[in-house]
Amino acid sequence: MKKMKNSDRLIVALDVNTVSEVHELTEKIGENVIWYKVGMELFYAEGPKVIELLKQKNKKIFLDLKFHDIPNTVAGAVKSVAKLGVDMCNVHASGGLEMMKRAADANLEVANQLQITPTKLIAVTVLTSIDQEIFEKELGFESRISDKVSAWAKMAKEAGLNGVVASAQEAEGIKGKCGDDFLIVTPGIRPSFSASNDQKRIMRPSDALAKGATHLVVGRPITQSENPARSAELVLKEMEG
Ligand SMILES: O=C(O)c1cc(=O)[nH]c(=O)n1[C@@H]1O[C@H](COP(=O)(O)O)[C@@H](O)[C@H]1O
């Protein structure tokens, strides 16, 4: 993957629920942050007007709605979000190969129809809030999380997706299996100054990049800090190592 600036790799999660909070927060954070993630809380409350606002501010958008349904339904949902012209969106890898293939085809169909750059379509593997104990005892898996993540990443690549969401702890394994051009978007990033909250598989910003993460998702350590602009600057600094 070509050399990217750290600011092209940092995605700030906007886990708020009004357009006015988005406006305030993005104004406070300022020009240092290029990428924002819009998740379910915000999109279900405010819908496409959030996307419009972020576009007006010239921001890149990861629309994180984590689709998980039968192939036909997911293909339709991907078409709807691709038409919004977002830069990145996601489905759950556990929906299976056919579901991911149909999602990838639908995404490209929209890009061809509208003559736009295709949205990067990525697959969520094992959520960063899950640890090995929960994975086995509650979810009933017998494998190591890292093995399951690598297997799902390979399947996502085979389906034609552009990358995965995983914890940085699995980034090395994914890179080994899927190559340098495959996106590895890692939440569960915790800079030195913040608490882990409900995240279980966490890593420091510079370590995550060293392991092969291509993008870091950071929410509360920036958005819930007293000075979000300063916290974003500190995260960018910590990304330098
Ligand atoms: O798909 C995601 O973005 C995601 C996947 C995952 O495994 N873990 C995870 O935390 N996320 C998202 O990443 C963000 C992390 O936020 P913080 O824990 O506040 O930094 C949240 O918006 C989550 O929805």
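Which residues does Asp 64 touch, not counting those up to four places away in sequence? Select Asp 64 and you'll find Lys 37, Val 38, Gly 39 and Asn 90 in touch with it. Keep in mind that this is a predicted model.

Now colour residues 60–67: that's strand 3, and Asp 64 sits in it. Is Asp 64 buried or exposed? It counts as buried, because it has 25 C-beta neighbours inside 10 Å, and 20 or more is the cut-off for that.

Why start here? The unreviewed UniProt entry lists Asp 64, Lys 66 and Asp 69 under "active site". You'll find Asp 69 in the loop between strand 3 and helix 4 (71–83). Asp 69 has 14 C-beta neighbours inside 10 Å, so it counts as partly exposed. Leaving aside neighbours within four places in sequence, Asp 69 is in contact with Val 74 and Gly 95.

Val 74 belongs to helix 4, and it is one of the residues there that meet helix 5. Show helix 4 together with helix 5, residues 97–114. Their axes are 8 Å apart and the angle between them is about 30°, so the two helices are roughly parallel to each other. The crossing of helix 4 and helix 5 is right-handed.

To see the contact itself, show the side chains. On helix 4, pick residues including Pro 71, Val 78 and Ala 82; on helix 5, the partners include Met 99, Ala 106 and Leu 114. The residues of this contact divide into eleven nonpolar, one polar and four charged.

Notes:
Residues numbered from 1 in each chain as written. Predicted model: local features only at pLDDT ≥ 70, side-chain atom pairs only at ≥ 80, totals over all residues. UniProt positions renumbered as here; feature names shortened; annotations may be inferred. Helix = DSSP H or I, 4+ residues; strand = E, 2+ residues; numbered from the N terminus. Buried ≥ 20, exposed ≤ 12 C-beta atoms within 10 Å, placed from the backbone. Contact = placed C-beta atoms within 7 Å. Axes fitted to C-alpha atoms, helices over the stretch in contact; angles between N-to-C directions. Parallel < 35°, antiparallel > 145°, perpendicular 65-115°, else oblique. Left-handed = near helix turned anticlockwise from the far one by under 90°. Nonpolar A, V, L, I, M, F, W, Y, C, P; charged D, E, K, R; others polar.
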